[in-house]
Amino acid sequence: MTPHQLGPIALVFAALGVLLLGLLALLRASDVTRSARALADALDRRAAALEAAGVRPVQDADGGRQKGDAPAGGARRTRMSALLERLSATGMRWLDTRVGQYAVANEDRRLLEQCGYLDARTRGLFLSARLACALVLPMLLAAVGGARLHGGQWLLGMFVTFTLGFMLPKIYVRRRAAARRRCVDDELPLLVDMLRLLQGVGLSLDQSIQVVTNDFKGMMPVLSSEMGIAQRQFAAGRTREQSLQRLSAGFDNEDLRAIVRLMIQVDKHGGAVQEPLRQFGDRLRETRRAMLRERIGRLTVKMTGVMIITLLPALLIVTAGPGMIAVLHALSDAQR
């Protein structure tokens, strides 16, 4: 290879490395947020147990646990975590500027909340990822196809790559938010059944939410984490309606809003909710059956087109092929 060929190849690999680092940053942010939630849940349960026993919990030397502290401490930080910290710190410094407000608008913040990214650190990482991708893709275009583009093609290519790089992190976040909304739709009937069962055995609303949060993370990963956040906000002093506001408004799900309204009503006024929850669960299951029937109907129509394209030519060759060959032979014999 000539030196002129090695340069663009090196730039391509460097850009791919930056994109990989951006994806790893988002994944790492998700893991850190999940670990912080688990640590907060454990500390809240320990503090509640100590208060119930009449023992005052001992605070740390720095005045107590700070929100967002990593459970492993600074000794276990790797180079990747240090890089993520620098990226998040850089993005957080730009969040309040005009560039930050445009790059992380209210719609983007809502998508990040739907993905489970709640703190300013993840918003800073998102901002850094958008800016990095918006700079790397035009560099890739300049390194790979710069010699073949001239005039308006160059400007158009730069504009397209800049726009695509700027939108890539948002596309990823939007797809993740859509996946979590689908998970909410799938987990909601199970949540209704669990609340009905726990309320039927005599548990209070707080105890029911605590059981769902702690014991059913594997079955309901999205709703259990969201209800855990709402429970921590309620324990911190917010009302039940305020703590459940994000859960009801964050996923654009009318059935989830109805469940939240029912939970708020039970918290305010009490009463037996087993029968309303049973009826609501039956309605959800009927809605899911109707949705599945609709999907099966659409799938049947799609499969009909696929069968016509793939199987019909083979069927015509098998059935009509010998007859066509015989006709062609007869015509050739007649011409002779």
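This is a predicted model: local features need pLDDT of at least 70, side-chain atom pairs count only at pLDDT 80 or more; totals for chains, interfaces and linings use all residues.
The secondary structure of the chain consists of 12 helices and zero strands. Of its 336 residues, 31% are buried, and among contacts with a separation of 6 or more, 71% are made by residues 24 or more positions apart. The chain exposes about 21,000 Å², of which carbon and sulfur atoms supply 63%.

The largest nonpolar core comprises 30 residues, of which Leu191, Leu247, Ile259 and Met263 touch the most other members; at least two residues of this core are supplied by each of helix H6 (152-200), helix H7 (205-215), helix H8 (221-235), helix H11 (254-269) and helix H12 (274-335). Apart from its neighbours within four places in sequence, Ile259 is in contact with Leu188, Val192, Leu195, Leu277 and Phe280. A second, separate core holds 13 residues, including Leu95, Leu112, Phe126 and Ala134.

Two cavities of 30 Å³ or more were found in a search of the whole structure. The largest cavity, with a volume of about 80 Å³, has a lining that includes Ile259 and Met263, together with Leu195, Gln199 and Leu277. H11 gives the largest share of this lining, four residues, and the lining as a whole divides into eight nonpolar residues, one polar and no charged.

The second largest cavity, containing about 30 Å³ of space, is lined by Glu226, Ile229, Ala230, Gln233, Ser243, Arg246 and Leu247, with two or more residues given by each of H8 and helix H10 (245-249). The largest share, four residues, comes from H8, and the lining of this cavity divides into three nonpolar, two polar and two charged residues.

Terms used: Residues are numbered from 1 along each chain as its sequence is written. Side-chain values use heavy atoms; hydrogens and water are left out. A nonpolar core is a set of buried Ala, Val, Leu, Ile, Met, Phe, Trp, Tyr and Cys residues joined through side-chain atoms within 4.5 Å. Buried means under 20% relative accessible area, exposed over 50%, partly exposed in between (1.4 Å probe, protein chains only). Contact means heavy atoms within 4.5 Å. Accessible areas come from the Shrake-Rupley method with a 1.4 Å probe; for residues, only the protein chains shown count as cover. On a 1 Å grid over the protein atoms alone, a cavity is a set of points where a 1.4 Å probe fits but cannot get out, and a pocket is an open set with protein on both sides within 12 Å along at least five of seven lines; lining residues have an atom within 4 Å of a point. Grid points are joined across faces, edges and corners, and a volume is the space filled by probe spheres set on the points. Ala, Val, Leu, Ile, Met, Phe, Trp, Tyr, Cys and Pro count as nonpolar, Asp, Glu, Lys and Arg as charged, and the others, Gly among them, as polar.
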